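I opened my notebook to look up how two parts of one chain meet. My entries follow the structure.

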Amino acid sequence: MRPAFVFGTRPEIIKLAPVIRAFERRGIEPLMIHTGQHYDYEMSKIFLEELELHKIDYHLEVGSGTQAYQTGMAMIKIEEVLMKEKPDVTLVQGDTNTVLAGALASVKLKIPVAHVEAGLRSFDRTMPEEINRILADHASEVLFAPTEDAKKNLEREGIIEGVYVVGNTIVDSVLQNSEIAEKKSRILEKLGLKPKEYALLTAHRAENTDSEENLKKLVEIITSLPITVVYPVHPRTEKRLKASGLWEKLKAKEHVILTKPLGYLDFLKLQKNAKIVLTDSGGIQEESIILNVPCLTLRYNTERPETIKAGGNVLVGLEKDRVLHYVEKLLNDEEFYRRMANAKNPFGDGKAGERIAEILLDLYEKGKLRVKS
Ligand code: UD1
Ligand code: UDP
């Protein structure tokens, strides 16, 4: 069997690496297609290097653009490669424009699509990611749901066949890399930080960065935090902060440490040793509960409700009073802190990559991997 992997952004590289490895362990060399949605060294290549994904067969250099431009360009270029290479299955992961492009290009060529991290729903159709998830799921033949909740979301939309609950490959990635990170990374020394004496923050979601009003709220929150805060800034947010003059305001604050986006090992080390995580990222909500660090999510909804139910994550939106209330509580109420930090990881045992490879190989050998007519 020859699987094709289509990916293009930071989280896709991190979350697909365990699946790629699982195929390689079985003697299968997948076809690797990078759309180039992310292209800065620290948004893409650093992860390929750290996770030792040295062989990229096609680099499509799609780059940035409007939603339709980026998705359309990626579709056209992916289609060309798939027509030439004719893989047996196309794997996509998550909810980016690369995922939608990969899924649509593939299914229309009658090459079955396997969607890793299927069934997530924020129930907020204003998010580009929600549209991508729904459409990718409906174009997929095999759906790897990380949890039973995700499977139920698919059932509600009539997707019953081809669904497998396997856990989330982020657990595999964290388990495979956090010890290496602990040993190799010198990021705490570099930034002059002590374990559990700082908060780690990230924000890049369109709804938080595209509106100047929300960007102002975000900056207001960061500048008011009563703890040192490390903020590795996504290029999208850096551009917006600089354009609106807010970058200088953040930089001027002594308790705020702004950095470039970090490599995975440095980021994992920072996350593991943080007192609190504040984020609007999907993957970081997941990693925090795996690493036993309380997470405050700077959004009003989440497609990872399992983290909230488990007690490791709270939706705080961009409401400064609510954010500060929870930060103070975490800093001053030991029992409350312990409860959040000890929430149980709902995303599985770190063997999702192995399961995905096994299931796909089994379907292929039984002749069941084909687009249904
Ligand atoms: C994308 C995904 C989002 C995911 C995130 C992971 C979509 C719709 N969104 O958001 O779900 O959480 O990736 O980080 O697919 N830019 C650079 N250098 C880069 C990449 C981006 O400067 O290497 C800047 C460009 O100005 C670009 C902007 O960031 O226009 C946004 O990039 P884009 O890939 O469109 O979306 P993300 O915000 O990264
Ligand atoms: N990450 C990283 N360096 C950073 C910020 C994030 O390595 O500076 C990792 C993080 O550990 C997680 C993933 O990138 O695994 C999350 O990516 P992002 O927040 O960009 O996307 P999302 O998960 O929201 O789609």
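How much area is buried between domain 1 and domain 2? I found about 1,700 Å², with carbon and sulfur atoms giving 51% of that area. Buried area is the accessible area (1.4 Å probe) that two parts lose on being put together, summed over both. Glu42, Glu50 and Asp149 supply 24% of what domain 1 buries against domain 2, more than any other three residues.

I noted the conditions. This is a predicted model, where local features need pLDDT of at least 70, side-chain atom pairs count only at pLDDT 80 or more, and totals for chains, interfaces and linings use all residues. Residues are numbered from 1 along each chain as its sequence is written, chains are lettered from A and ligands numbered from 1 in the order in which they are written, and side-chain values use heavy atoms, with hydrogens and water left out.

Next I looked up the bounds, which come from an automatic or database domain assignment. Domain 1 covers 3-168 + 349-365, and domain 2 covers 178-341. Their C-alpha centres lie 27 Å apart.

I then looked up contacts (heavy atoms within 4.5 Å). In domain 1, 24 residues touch 20 residues of domain 2.

Last came the salt bridges (a side-chain nitrogen of Lys or Arg within 4 Å of a carboxyl oxygen of Asp or Glu). The rule finds 6 of them across the interface of domain 1 and domain 2. I also wrote down the salt bridge between the side chains of Arg205 and Glu129, at 2.9 Å from N to O.
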